[in-house]
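Here is a short report for a first look at this protein. Keep the sequence and the 3D view open while you read.

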Amino acid sequence: MIEHRNGILIAVALMVGVPAITLLATLHQMFGTGGDGPLRASAVQAPPAPAPAAKPAPQAPAAASPASPASPAAAAAAAPAAAMPAGAATPAAAAPVPGRSAQDFSASRPAWEGYLQGADPALGKQLAASGKPAAGVQACVACHGQAGITPTGGIFPNLAGLTPEYIAKQLADFRQGTRKQALMNTVAQGLSEQEIGQLAAYYGSLAGPPLHVGETGGEAARKLDQIGDGARALPACANCHGLRGLGEGPLLPRLAGQSKEYFADQINAFRNGSRQNDDVGVMRAFAQRLTDSEVEALGQYYAGPR
C-alpha cells in the first residue's frame, strides 16, 4: 500500500514538475535576455564606420638643404599626396552594409504598363484611321477593319474585344522583335510608346464580334475546350482562355470570334517556334501536342459560321 502511494506521489510530481520547469525556462528565454520584447528577432548589424584620422598640426616648412636630401620614408609618404590633384575630395569612408529591405523582394513591372498610363482612346482612334505615313505606318483599319473587326477574315486578327493590356504587350513585343511578323514589326517600330498606349486603349474599348462559339467544330473541339486531354497533358483551353473563349484576365486573350485562319496561323507559329512570346513556352508546348485536324476543329469551334 505504501509503495503504491509512493508511486502515485512520484507520478504527480513528474506531471507537475516537468511542465513547471519548462515554463520557467521559456519565461527566462523570453524575458531574461535583455531584448526589447519577447522573442525579438535579431537585427542585421552594420559594421561600425572607421573613426576619422586625426589631422596633424600644421608645421612651418623647413628650409631646403641641398646637402641633406629627403629620406626614402619621407618621399614615400609624400607621394600619394602629390599624386592627388588639387581640390580633389578625399575618398569617403566605405558605407556601412545594410541588411535586407522590403524592396529586395519587389517584383519588376513590364515597360508596356507605363504606355497605358493616361492613354487617350480618342487619339488612338485617330491614329488607327490615319496611320503615320511619314514613319511608314499604314492605317490600322486597312487590315483590322473600321471597328477592330476584320471584314474579310483571313490571318488578320480582330482587335475589338481584346484587352488594352494584351494589345499593348503584343505591340511592345513586335516593337522589340520578341514577336516576329514583318509587317507588324515595321508598324510597331514606327510607333512611339505613347502611341502604342493610345492604340491599345482605343481597341480595348471596342466590343468584340458576335459570338458563335460551339456552333461548328464538332465534339472533339468541344472536349478540348472544356475538358482537355489528360493523357496528353493538354488542359482545357477554357482554363486559360475562359469559358467559350471569352478570355481570362488581362493577358490571356479572347479566342471567340477570331477567324479559323488566324487561329491556325498562330497555333502553327507556336508549333514551329516562329512565335515565342508566350509565357514560359506554355503555348509552344501545348501546340506541339495538337494534331492538324484538332487545330482545324478548334479554329472552327471558336470562329463559328461565316
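## Ground rules

Helices (H or I, at least four residues) and strands (E, at least two) are DSSP runs, numbered from the N terminus. This is a predicted model: local features need pLDDT of at least 70, side-chain atom pairs count only at pLDDT 80 or more, and totals for chains, interfaces and linings use all residues. Residues are numbered from 1 along each chain as its sequence is written, and side-chain values use heavy atoms, with hydrogens and water left out.

## Confidence

The score pLDDT is the predictor's confidence in each residue, from 0 to 100. Its mean for the protein is 83. Of the residues, 73% reach 70 or more.

Over residues 61–82, pLDDT stays under 50. There the model has zero contacts beyond four places in sequence, where contact means heavy atoms within 4.5 Å.

## Nonpolar cores

A nonpolar core is a set of buried Ala, Val, Leu, Ile, Met, Phe, Trp, Tyr and Cys residues joined through side-chain atoms within 4.5 Å. Buried means under 20% relative accessible area, exposed over 50%, and partly exposed in between (1.4 Å probe, protein chains only).

The largest core has 22 residues. Ala128, Ile167, Leu191, Leu199 and Tyr203 touch the most other members. Helices H3 (112–115), H4 (121–130), H6 (164–176) and H8 (193–204) each give two or more residues to this core. Look at alanine 128: leaving out residues up to four places away in sequence, it touches Ala139, Cys140, Val141, Leu199, Tyr202 and Tyr203. A second, separate core has 17 residues, including Leu234, Leu255, Val295 and Leu298.

## Aromatic pairs

Rings of Phe, Tyr and Trp (its six-membered ring) pair if their centres lie within 6.5 Å; planes under 30 degrees apart count as stacked, over 60 as edge-to-face and the rest as tilted. The count comes to three aromatic pairs. One of them joins tyrosine 202 and tyrosine 203. Their centres are 4.8 Å apart, with 55° between the planes, and the pair is tilted. Tyrosine 202 is buried at 8% relative accessibility. Tyrosine 203 is buried too, at 2%.

Phenylalanine 263 and tyrosine 302 also pair: their ring centres are 5.8 Å apart and their planes stand at 40°, so this pair is tilted. It links distant parts of the chain, 39 residues apart. Phenylalanine 263 sits in helix H11 (residues 260–272), and tyrosine 302 in helix H13 (residues 292–303). Both residues are buried. Phe263, Tyr301 and Tyr302 form one aromatic cluster.

## Two aspartates

Aspartate 265 is in helix H11. It is partly exposed, with a relative accessible area of 34%. Its side chain makes a polar contact of 3.0 Å with that of glutamine 266. A polar contact is a pair of N or O atoms within 3.5 Å; within protein, one must be able to donate a hydrogen and the other to accept it, and residues adjacent in sequence count only if both atoms are side-chain atoms. Isoleucine 155 is 110 residues from aspartate 265 in sequence, but 6.7 Å from it in space, C-alpha to C-alpha.

Aspartate 278 lies in the loop between H11 and H12. Is it buried or exposed? At 11% relative accessibility, aspartate 278 is buried. A polar atom of its side chain lies 2.9 Å from the backbone nitrogen of methionine 283. Beyond neighbours within four places in sequence, aspartate 278 is in contact with Phe270, Met283 and Arg284.

## Positive phi in two loops

Most residues other than glycine have a negative phi. Valine 280 has a positive phi, near 50°. Its place is in the loop between H11 and helix H12 (282–288). Valine 280 is exposed, at 73% relative accessible area.

Alanine 233 has a positive phi as well, near 55°. It is in the loop between helix H9 (218–226) and helix H10 (238–241). Alanine 233 is partly exposed, at 45%.

## Cysteines

How many disulfides are there? The count is zero, with a disulfide taken as a pair of cysteine sulfur atoms within 2.5 Å. For cysteine 143, the closest cysteine sulfur is in cysteine 140, 8.7 Å away, too far for a bond. Cysteine 143 is buried, with a relative accessible area of 14%. Cysteine 237 is in no disulfide either: the nearest cysteine sulfur, that of cysteine 240, is 8.7 Å away.
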